Every structure is written in structure tokens, then in C-alpha cells.
Amino acid sequence: MKDISNDEYVSAEIVKDKEGRQYHINLAPGELSDYIILVGDPQRSKKVAQHFDKILLHRENREFISYTGLVDGIKMSVLSTGIGADNIEIVVVEVSQIVENPTFIRVGSSGGLQEFTELGDLVISTGSVRLENTSNFFVVEGYPAIANFEVILALIDSAEELSYRYHVGLTATASGFYGAQGREVPGFHLRFPNLPEELRKMNVLNYEMETSALFILSQLRGFRAGAVCAIYANRPKNKFISKTEKAKAEERAIKTGILAIKKLYQMDKKKQERKKKYWSPSLSV
């Protein structure tokens, strides 16, 4: 077996080769845009890339599939993370080693916790209830997982422009799909069977598995992050979306995320022109 200890890898903490290529995402400096869409499903990354006018790079390793391309002259990337907060940790940490100041928009799927979160609706997250434990290895339990206000505004404006039905509010991020989300499965005891109802009473809009870790890790480094998720299930009504409507809802989330990046790019140009650190409505005048 080849000895790689002094050849291919230069760090045991952040595993990368001498080009800076990251171990899991298989990407090196310069291969990602500053504007990055994160998707859980690897197949969704391909669907996002279909909206690119030109693809500049395509890379795959395990569940981490990435494309970098151009949309209306704006360079953006999409990178799949796979399922769960632990995978988000891998992606955000490794991206941070090769992109100085990334902006992340998670485009995902979720289950609605309120009766009014209908199948196919979008939820734009302002923050997330931390029910996963990956983020606990970085911050104390009371540390808030909140989205960046510029990303929230860009997502809202995009959903409005596209005339999509959407909601804005809190998300809950679970560490699993079954027990962690209070789903009753024969043969498995649930410790917290009433958790979905408790979250509903706290006005939480939707349930998913990645957002809070994304927000926490981004906050720690000063990165912008936001999330828009399509509703595939309505938990109070015990309804699940059809295959046809699922594809349509996914497409709406993708288009909202891409348009939001275009808007963030324009916001950043305005900030640069006016020498401002933060965007405000007055900069659009």
C-alpha cells in the first residue's frame, strides 16, 4: 500500500492534499463560487445545474456532487451535502478552507408542522430550533441558529417575484427522520411522541434535518446563510405530496434559491459602490 503520509496529505486536522483539495467534497481553491446553493439530495444538484447557462466545473465524490457555472453572467455553485447535520458540518468546514467568504443558501425539503403549511408551499427560515447535536460540539446549547437577514430578504423578494406561495418563520432541525421527528414506527419506542405537536404550539413552521447546523457554523465564521425548503408533508393533516407535485415544489424551491443569489449579487454590488458593510432598502434607490 502506498504511503501517503508525506505525499498527498499535509494536515491531519483538515484533511487535504497539497493543492488544498478537500478530502470529502473533492474540491480545491478556485473551484467554487462565493455564492453556493446547498442541497441534500445529490440528484437535486444536477437539477440546479440544469438552470446554469454554462457549466464551468463538475465534480463528484460520495454524496458530494458539485457544479460551478454561470447564470446571467453571475458565477454560482451548487453542492450536495447528503442527509443530516453531520454532513453539513463536513461541507461547511471544508468549503471554508477553499472559499474566503461564502454565502450559502440551502434549497431543501421539509415537513410542515402547521395546518396552513400546505403541500408544495415554500418555507423561508428566519432561524432554526436546534434538535440536532452536531452544533453542540461548537457552541453552547443556548446559542441561537439564525439566518442572515440579507439572505432572508433575497429569498422573500424572489418568492414574491416568482409568485410562489411561501411562509417565513422558524424551522426545527432534527437529528433523524423517524424517532427524532416523532414518527411512530411499529416495534420502536418513542421517547418524545408529542414533539411535533409541541413544536406546532411554539409556532414552528417546518421540520427538516440540516438548517440549524448550517446557520450555527456560518455564524461562527461570519458567513451569510439562509434556507428555503419545499413542504413535502403536512404533519397535522397526515398528508404526503404526490410524485408530480413533489417535482413541481422542488423546482419552485430551486428557482427561488437561484434568483435569490442573483439578488444577493446585486445587493453586494450596491454595498461595494456605496462602501457599506450591510445592505439596506435605501441602497436600492
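Reply: Let us begin with burial: a residue is buried under 20% relative accessible area, exposed over 50%, and partly exposed in between (1.4 Å probe, protein chains only). This is a predicted model, in which local features need pLDDT of at least 70 and side-chain atom pairs count only at pLDDT 80 or more, while totals for chains, interfaces and linings use all residues. Residues are numbered from 1 along each chain as its sequence is written, and side-chain values use heavy atoms, with hydrogens and water left out. By the burial criterion, arginine 44 and glutamate 250 are both buried.

Me: Which other residue forms a salt bridge with glutamate 250?

Reply: Lysine 47 does, its closest N and O atoms being 2.7 Å apart. That pair also links H1 with H6, across 203 residues. Lysine 47 counts as partly exposed because its relative accessibility is 32%, whereas glutamate 250 counts as buried because its value is 7%.

Me: Where in the chain do arginine 106 and glutamate 210 lie?

Reply: Arginine 106 is in strand S5 (residues 103-112), and glutamate 210 is in the loop between strand S9 (204-208) and helix H5 (211-221), 104 residues apart. Their salt bridge has closest N and O atoms 3.0 Å apart, and both residues are buried. Salt bridges also connect Glu150, Arg224, Asp268 and Lys271 in a network.

Me: How should I read an aromatic pair?

Reply: Rings of Phe, Tyr and Trp (its six-membered ring) pair if their centres lie within 6.5 Å; planes under 30 degrees apart count as stacked, over 60 as edge-to-face and the rest as tilted. A search of the whole structure finds four aromatic pairs. Among them, phenylalanine 104 and phenylalanine 223 are edge-to-face, 6.3 Å centre to centre with 65° between the planes. Phenylalanine 104 lies in S5 and phenylalanine 223 in the loop between H5 and strand S10 (224-234), 119 residues apart. Phenylalanine 104 counts as buried because its relative accessibility is 0%, and phenylalanine 223 is buried with a relative accessible area of 6%. Phenylalanine 177 and tyrosine 178 form another edge-to-face pair, at 5.0 Å centre to centre and 85° between the planes.

Me: Which charged end sits over the ring of phenylalanine 177?

Reply: A charge sits over a ring if NZ of Lys or CZ of Arg is within 6 Å of the ring centre and within 35 degrees of the ring normal. Here the charged end is that of arginine 183, 3.9 Å from the ring centre of phenylalanine 177. Phenylalanine 177 itself is partly exposed, with a relative accessible area of 38%.

Me: How are paired strands read, and which strands pair with S10?

Reply: Two strands pair if DSSP finds at least two bridges between them. S5 pairs with S10 in the parallel sense over ten bridges, with glycine 112 opposite asparagine 234. Strand S6 (residues 122-130) runs antiparallel to S10 and is joined to S10 by three bridges. Strand S11 (residues 239-240) pairs antiparallel with S10 over two bridges. S10 is mostly covered, as eleven of its eleven residues are buried.

Me: What are the partners of S9?

Reply: S5 pairs with S9 in the antiparallel sense over two bridges, and strand S8 (residues 166-173) pairs with S9 in the parallel sense over four. Five of the five residues of S9 are buried, so this strand is largely enclosed by the rest of the structure.

Key
Salt bridge = Lys/Arg side-chain N within 4 Å of Asp/Glu carboxyl O.
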